[in-house]
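Student: I have a new structure to look at. Can you walk me through its charged pairs?

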Amino acid sequence: MHTPLCWHAVGDPVDLAAHAVAVGLDEIGFSEHSPMARDDFDDWRMLIGDLDKYIASVERARREFPQLRIKTALEVDYLPGHEAWIRELTGRHPWDYLIGSVHYISESWDIDNPKKLSEWKRRDPWEVWSAYFDRLTMAASSGLFDIMGHADLPKKFCFVPKQDCAPLFERFLDAAKRADVAMELNTAGLRKDCKEIYPCPQLATMAFQKGVPITFGSDAHAPGEVGADFAAARALALAAGYRETCRFTARRREMIPLE
Ligand code: ZN
Ligand code: FE
């Protein structure tokens, strides 16, 4: 879940936690868009100087809702060459987990940014998906992350290749398995043009067959989105073959049965 510190989400952690209690969740996690080494990299993430404020705001929610397990985490952008910075961030706080996400397939194109839709229109979807999955595979292999975020994000605006994407999925999942990284089922896709959970059923099923564990996320950017469509995500997990999910505490994974 996100907070106003990334400039494109609403609701403080206390408000999101209140909603989580109202919808019957017993554990939630904040994974704000992590700062880049330079604050002027883009305009949709937490600033370096706000890290302490972020951690304090999550701690406030934890104090107000002792009945909820609340995790402090980050959604970290993976770009090749940023590894040293990511390691530094990782060392700044005892995070519960790090979600590794690819949004950028070059230094300047974040493919899920609605302001850059025109770029999609100039590109071949296969070329974009291939570049994206190359990076996602590198991110999974890097050993920097506990969970890979929204694995098939390039489908967001419905620019989908005609080619069979199974080989891209397979390479990514093999890397995730080797590095022992989990993959999230992220319901935000249902709120986008693609109207489908990230990842698609094919990728979820392949992940189960490869033995890649899953987590559940609503990627909430507002209190009303907390836990959104978790019944659909659970159905997707079960259909893919999963009977377990997992949680992270201080970056240690614990398997739990999917009730
Ligand atoms: Zn966001
Ligand atoms: Fe993301």
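Predicted model: local features only at pLDDT ≥ 70, side-chain atom pairs only at ≥ 80, totals over all residues.

Student: How many salt bridges does the structure hold?
Tutor: The count is 22.

Student: Which residue forms a salt bridge with Asp42?
Tutor: Arg45 does. The closest N and O atoms of the two are 2.8 Å apart.

Student: And is Asp42 buried or exposed?
Tutor: Asp42 is buried, because its relative accessibility is 15% and the cut-off for buried is under 20%. Arg45 is buried too, with a relative accessible area of 3%.

Student: Next one. What does Glu127 pair with in a salt bridge?
Tutor: Glu127 pairs with Arg123. Their closest N and O atoms lie 2.9 Å apart. Glu127 counts as partly exposed at 39% relative accessibility. Arg123 is also partly exposed, at 26%.

Student: Which side chain meets Lys210 in a salt bridge?
Tutor: That of Asp174, at 2.9 Å from N to O.

Student: How accessible is Lys210?
Tutor: Lys210 has 24% relative accessibility, so it counts as partly exposed. Asp174, at 30%, is partly exposed as well.

Student: Which residues do shared partners join into one network?
Tutor: Glu27, Arg69, Lys71, Arg247 and Glu254. The links between them are salt bridges that share partners.

Student: Why can such side chains pair at all?
Tutor: Because side chains of opposite charge can pair when their charged atoms come close.

Definitions and conventions:
Residues numbered from 1 in each chain as written. Chains lettered and ligands numbered in written order. Heavy atoms only, no water. Salt bridge = Lys/Arg side-chain N within 4 Å of Asp/Glu carboxyl O. Buried < 20%, exposed > 50% of the residue type's maximum accessible area, 1.4 Å probe, protein only.
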